[in-house]
Amino acid sequence: MVLNRVTYRRRLSYNTKSNKTRLNKTPGGRLVTYYAAKKTNIAKCGDCKLALRGIPAVRPKKLASLSKRVKTVSRVYGGTKCSRCVRSRIVRAFLIEEQKIVAKVLKAQAGKK
């Protein structure tokens, strides 16, 4: 019976989140450890928490090296809010302004009478 003992290839010798490995058999029949990359988090909308389309799901270090055009969307709040939430914000702001105008007109009419 052959013992399939493998060792870490890097210096970190503890089974931490950043040191996850899997075994792989090479064509030569040797067992080696492969280091697994951490899973990426998808960018989410700040309001509704839905995944943002058009923004890559990469680790923070890789995100820092990407250009701005890749990390954002050409829109107000692009890269932080989804289009649905942006639209609702714009509509809400417009309706609030309309309410203020209506209230001002009503106040003026009441003042005339």
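A salt bridge is taken here as a side-chain nitrogen of Lys or Arg within 4 Å of a carboxyl oxygen of Asp or Glu. The model is predicted. The structure holds two such salt bridges.

Asp-47 has a relative accessible area of 40%, so Asp-47 is partly exposed. Arg-89 is also partly exposed, because its relative accessible area is 29%.

Another salt bridge brings together the side chains of Glu-97 and Lys-100, at 3.6 Å from N to O. Both residues sit in helix H3. They are three residues apart, so about one helical turn separates them. Glu-97 has a relative accessible area of 44% and therefore counts as partly exposed.

Helix H3 spans residues 83-112 and also contains Val-91. Val-91 is part of a nonpolar surface patch, together with Phe-94 and Leu-95. The accessible area of the three residues together is about 290 Å². Val-91 itself counts as partly exposed, because its relative accessibility is 43%. Partly exposed covers the range between buried, under 20%, and exposed, over 50%.

Terms used
Residues are numbered from 1 along each chain as its sequence is written. This is a predicted model: local features need pLDDT of at least 70, side-chain atom pairs count only at pLDDT 80 or more; totals for chains, interfaces and linings use all residues. Side-chain values use heavy atoms; hydrogens and water are left out. Patches are made of residues with over 30% relative accessible area and no salt bridge: like charges are joined within 9 Å, nonpolar side chains (Val, Leu, Ile, Met, Phe, Trp, Tyr) within 5 Å. Accessible areas come from the Shrake-Rupley method with a 1.4 Å probe; for residues, only the protein chains shown count as cover. Helices (H or I, at least four residues) and strands (E, at least two) are DSSP runs, numbered from the N terminus. Buried means under 20% relative accessible area, exposed over 50%, partly exposed in between (1.4 Å probe, protein chains only).
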